[in-house]
Structures are given as structure tokens and as C-alpha cells.
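Colleague: I have a chain open in the viewer and would like to go through it with you. Could you take my questions as they come?

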Amino acid sequence: MPPNLTGYYRFVSQENMDNYLRALDINVVLRKLVCLLKPDKEIIHTGDHMVIRTITSLRDYVMDFDLGVQFEEDLGPVDGRKCQTTVSWEGDQLVCEQLGEKRNRGWRHWLEGDQLHLVRRSPPQLC
């Protein structure tokens, strides 16, 4: 049974964000700004429905979805793109696949103790 990720998670650290954003063709000014942000996460996980809110000092980003059901995700606040997104479980990891202009884009969330981990991918970069 996958874990329930409901909770509020405070930002601790990030690695390789600039290279990840470069792989998404984000301009240098926006990349520098994003690298300064320290986003927290709030997750509400009820059965097969989830809301993931990424909270920053500039803008919040909300994903509201049903697990295993593809939906159109508007990444306008992030990089101006739209994609078809599916989020599902692979063991104890929440896995997001984003189909669109950038191939093999997505992310993984998992818990280690009380810490939420996130790895983003936009080949060839991971963050």
C-alpha cells in the first residue's frame, strides 16, 4: 500500500536546478530567480485524489488530480508550456509523466522518515 503523503513539507535544499531549467529552455533571468526560491509543499492526499501545492514567496502552483488519470497540465507559471500529465504510484514513489514539447519530462516524490524528496527530470538533467 502506498504511503499517504498528506502534510506540509518545508524546503531544505536543492541540487542542479539551474541545469534542469536550462534543459527546459528557461531564460537566464528566470532561471536565476527560480534558483533563489525556497519552495515548500503542501499535499492533500485522499484516496486516489491529490492536491499538491508548491508554495513560494512569488507564486503558488497547484496540481489537483486523480491518480492514474491523464489530465492537461498548464505549466504557464513555470515555463509557458502545456502537457498531458499522469501521476501514479511505482511502489512507494509518486511518479509524474509529462507528455508534451519536452520529451521524458517528469518527477518523483517519496518519503524518507518525515522528509519529502523530489527528483525532477528533463533529460539529460535531473534536479
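Colleague: To begin with, in which loop is D25 found?

Modeller: D25 is found in the loop between α1 (17-23) and α2 (28-36), where helices (H or I, at least four residues) and strands (E, at least two) are DSSP runs numbered from the N terminus. Residues are numbered from 1 along each chain as its sequence is written. This is a predicted model, in which local features need pLDDT of at least 70 and side-chain atom pairs count only at pLDDT 80 or more, while totals for chains, interfaces and linings use all residues, and side-chain values use heavy atoms, with hydrogens and water left out.

Colleague: What is phi of D25 near, and is D25 buried or exposed?

Modeller: Phi of D25 is near 65°, a positive value in a residue other than glycine. D25 is exposed, with a relative accessible area of 53%; buried means under 20%, exposed over 50%, and partly exposed in between, with a 1.4 Å probe and protein chains only. As background, most residues other than glycine have a negative phi, and most peptide bonds are trans.

Colleague: Which loop holds N104, and what is its phi?

Modeller: N104 lies in the loop between β7 (93-99) and β8 (105-112), and N104 has a positive phi of about 60° although it is not a glycine. At 49% relative accessibility, N104 counts as partly exposed.

Colleague: And what about the peptide bond between P123 and P124?

Modeller: The bond joining P123 and P124 is cis, with omega about 10°, and P124 lies in the loop between β9 (115-122) and β10.

Colleague: Let me step back to the whole chain. How many helices and strands are there?

Modeller: The protein has two helices and 10 strands, and along the sequence they follow the pattern β-α-α-β-β-β-β-β-β-β-β-β. The C-alpha atoms fill a box of roughly 40 × 30 × 25 Å, taken along the principal axes.

Colleague: How does the radius of gyration fit with a compact globule?

Modeller: For 127 residues a compact globule would have a radius of gyration near 14 Å, and the protein has 14 Å, which agrees; the radius is taken over C-alpha atoms, and the globule rule is 2.2 Å times the number of residues to the power 0.38. Buried residues make up 38% of the 127 residues.

Colleague: Now the open sheet: what is its strand order?

Modeller: The open sheet of six strands runs in the order β5-β6-β7-β8-β9-β10, with antiparallel pairing, where two strands pair if DSSP finds at least two bridges between them. β5 (71-75) and β10 (125-126) stand at the edges with a single partner strand each, so one side of each is left without a neighbour in the sheet.

Colleague: How many bridges join β5 and β6?

Modeller: β5 and β6 (residues 81-90) pair in the antiparallel sense over five bridges, and D74 stands opposite K82 in β6.

Colleague: K82 makes me think of L111. How far apart are they?

Modeller: L111 and K82 are 29 residues apart in sequence and 28 Å apart in space, C-alpha to C-alpha. L111 lies in strand β8 and is partly exposed, with a relative accessible area of 29%.

Colleague: Which residues does L111 touch?

Modeller: Not counting residues up to four places away in sequence, L111 touches N4, L5, Y9 and L116, with contact meaning heavy atoms within 4.5 Å.

Colleague: Turning to β3, why is it described as largely enclosed?

Modeller: Five of the seven residues of β3 are buried, so β3 is largely enclosed by the rest of the structure. β3 pairs with β2 (residues 40-46) in the antiparallel sense over seven bridges, with I44 opposite V51 in β3.

Colleague: Last one: where is L58, and is it buried or exposed?

Modeller: L58 is found in the loop between β3 (49-55) and β4 (61-66), and L58 is exposed, with a relative accessible area of 55%.
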